[in-house]
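Work through the exercises below with the coordinates open. Each task is followed by a stepwise solution.

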Amino acid sequence: MENNNATALYFQKPGRDKLIFLLIFSFVLIRFCYYGFHYNYQLDDYIQYHNYTVGTQNPLKLMTSLGLWGNRPLAWLADLLVWSRFFPVMILGAAPVSALFAASACLFRWVFARHFGTSYLFCAVYALLPLGFEGTYWMSAATRIVAGLFFTALTLYEFEKWCESGKVLRLVLFIVCQLLSCGFYEQVLILSVVAVLLLAALNLKPNRRRALCGLAAIVNAGIYFVFVAYFSHNTIFSGRGDLIRPTSGYYWHTVFPDVLRQVKHAFLGGGYYTLVKGLGRGVQLLLADLNFLYIAVLLVLAVLLFLFMKASKSQAKNPVTGLIAGLLLTLAPVSIFFLLANSWLSLRGTVASFCGLALIADILFTLLFGRRKAFHLISAGAAAVFAVVCCVASVSELHDYRETTRQDLQFVQLLDDALTSDGLMRKELRVGILNLEATYLEDQNYYYHEHIHGVTESGWSLHGALESTAGYFIPDLETLPQKPMYAPWDSGAKQLNSFSALYLYSGGGLIRVAAIPAGAGRYDIFTADGRLAGHAWEEDRYGYLSLEPGF
């Protein structure tokens with residue numbers, strides 16, 4: 001009994017918030033280090049953290065020349081000034097990103113606990129859901145989403161402190177942090193504004209005048225939109241934020257149902273498969289690899305989390321208000337997709353909703369088990385088990401990222417050799433590569449949008465990867481898969497007669513081919529030695545490719 005009391009007293013010490021931060025940070029980071037202290041580069045990573053920073057051009061001038069001020073300016077500025085410094089050892093960058101994510105979990109929980117009695121189970125759900133792996137591991141996404149979430153959580157913390165103390169410094173810090181949170185990711189901007197207004201509403205009764213200062217979030221959002229609008233005429237991202245009015249039949253019959261389907265697939269499909277299928281594949285990988293170090297560290301962290309939560313005291317309050325708040329914070333970040341003309345909700349787009357989902361999960365868990373005498377034991381055990389399950393499931397996600405990077409590097413080297421051998425390493429040329437697919441993984445937890453796609457997915461990502469190894473003077477590249485080879489929106493750039501040279505990817509090798517016109521919109525594909533390799537044709541501005549047997 002004395003030992004149990006001593007343990008409880010230790011974990012109830014004033015530094016417990018620092019301890020839970022260290023625990024959550026360790027859980028987040030260990031998922032990325034299953035195969036060692038190494039990061040697996042994906043898609044944009046080569047461009048953002050290497051290619052843009054090669055040379056001596058001033059980062060501010062580079063921001064202007066590339067038109068980056070008009071879209072997520074703080075994210076791009078951080079790429080050039082901070083995150084690119086970690087290349088080519090980007091795992092060193094993943095560590096501070098993990099720390100920011102863990103800190104945001106603790107700050108969100110601190111704020112919610114004051115109004116809803118939120119427990120530390122919130123932190124485990126928020127930080128460790130495998131659904132969020134894409135948005136927290138892939139650096140090109142994490143440096144935007146996680147950084148934005150951190151400043152959002154810090155905003156809420158400072159606003160709560162302002163409402164409590166009335167100190168002007170807290171008000172200034174709140175306004176500055178909230179403005180910073182707007183500059184990283186559009187979904188986070190919406191979350192930040194809605195969360196501040198929600199917190200202001202919760203503080204209206206005790207601190208009306210101070211709570212009304214939350215309206216500064218709307219002013220900050222306006223300042224941000226004016227700023228990016230000023231530079232929007234000179235941006236490579238023009239058109240990304242085009243809006244559509246929900247007043248037409250087309251919107252309600254086409255756009256709205258499509259976004260609903262994406263929300264369903266991203267949250268429900270992605271959440272289920274990354275957790276359930278991911279857990280099964282993760283267990284298989286653990287058994288095959290016999291990674292005892294990972295298992296040992298994971299179990300130690302789980303025991304520490306259990307002891308910490310067992311000693312902590314929390315009691316839900318205002319559950320109905322908390323559930324409504326959680327629902328608002330879940331829906332707010334995805335609301336933007338219902339207004340965009342070209343909506344594309346990827347798995348990383350779910351991460352901004354995690355604070356709302358975790359709040360709901362925490363309240364529901366407390367309502368179900370809160371009246372039991374052993375509730376703190378149940379809650380602590382559930383959090384520890386959930387953390388282990390999520391970390392095991394994440395092993396399969398990391399495995400797929402690792403395999404994708406390995407395949408990418410092999411193909412880039414193959415392409416480098418072919419272009420060099422054929423004398424095509426010239427910037428004025430355009431090279432098309434037939435029969436490339438977005439991924440060559442034999443299996444993955446959830447095939448959705450660009451989740452764990454390789455650089456073979458698109459011409460810009462392949463070009464970025466090749467430039468990072470071969471240098472600036474390389475040809476423009478386009479990928480031409482089979483089904484379809486191109487769509488109406490990019491049909492003009494992928495006409496076969498527009499390329500300086502064509503390659504066919506077949507049997508793990510690149511074959512130089514030529515496209516010979518065979519009628520209106522049709523081509524026969526021949527190898528250099530005269531063999532017929534396949535056929536290409538266009539229907540309704542969609543391009544298609546079929547290969548002959550043996551290719």
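**Salt bridges and burial**

A search of the whole structure finds 18 salt bridges, each defined as a side-chain nitrogen of Lys or Arg within 4 Å of a carboxyl oxygen of Asp or Glu. This is a predicted model, in which local features need pLDDT of at least 70, side-chain atom pairs count only at pLDDT 80 or more, and totals for chains, interfaces and linings use all residues. Residues are numbered from 1 along each chain as its sequence is written, and side-chain values use heavy atoms, with hydrogens and water left out.

**Exercise 1.** Characterise the salt bridge between Arg114 and Glu160.

*Solution.* 
- Step 1: take the N to O distance, which is 3.2 Å.
- Step 2: Arg114 sits in helix α6 (residues 91-116) and Glu160 in helix α9 (residues 139-165), 46 residues apart. Helices are DSSP runs of H or I with at least four residues; strands are E runs of at least two, and both are numbered from the N terminus.
- Step 3: check burial. Buried means under 20% relative accessible area, exposed over 50%, and partly exposed in between (1.4 Å probe, protein chains only). Arg114 is partly exposed at 32%. Glu160 is buried at 4%.

**Exercise 2.** Which parts of the chain does the pair Arg348 and Glu450 tie together?

*Solution.* 
- Step 1: the closest N and O atoms of Arg348 and Glu450 are 2.7 Å apart.
- Step 2: Arg348 lies in the loop between α16 (319-335) and α17 (354-369), and Glu450 in the loop between β1 (430-434) and α19 (459-470), so the bridge joins parts 102 residues apart in sequence.
- Step 3: both Arg348 and Glu450 are buried.

**Exercise 3.** Is helix α7 (residues 121-128) enclosed or open?

*Solution.* 
- Step 1: list the buried residues of α7, among them Leu121, Phe122, Tyr126 and Leu128.
- Step 2: count them. The tally is 8 of the 8 residues, so α7 is largely enclosed by the rest of the structure.
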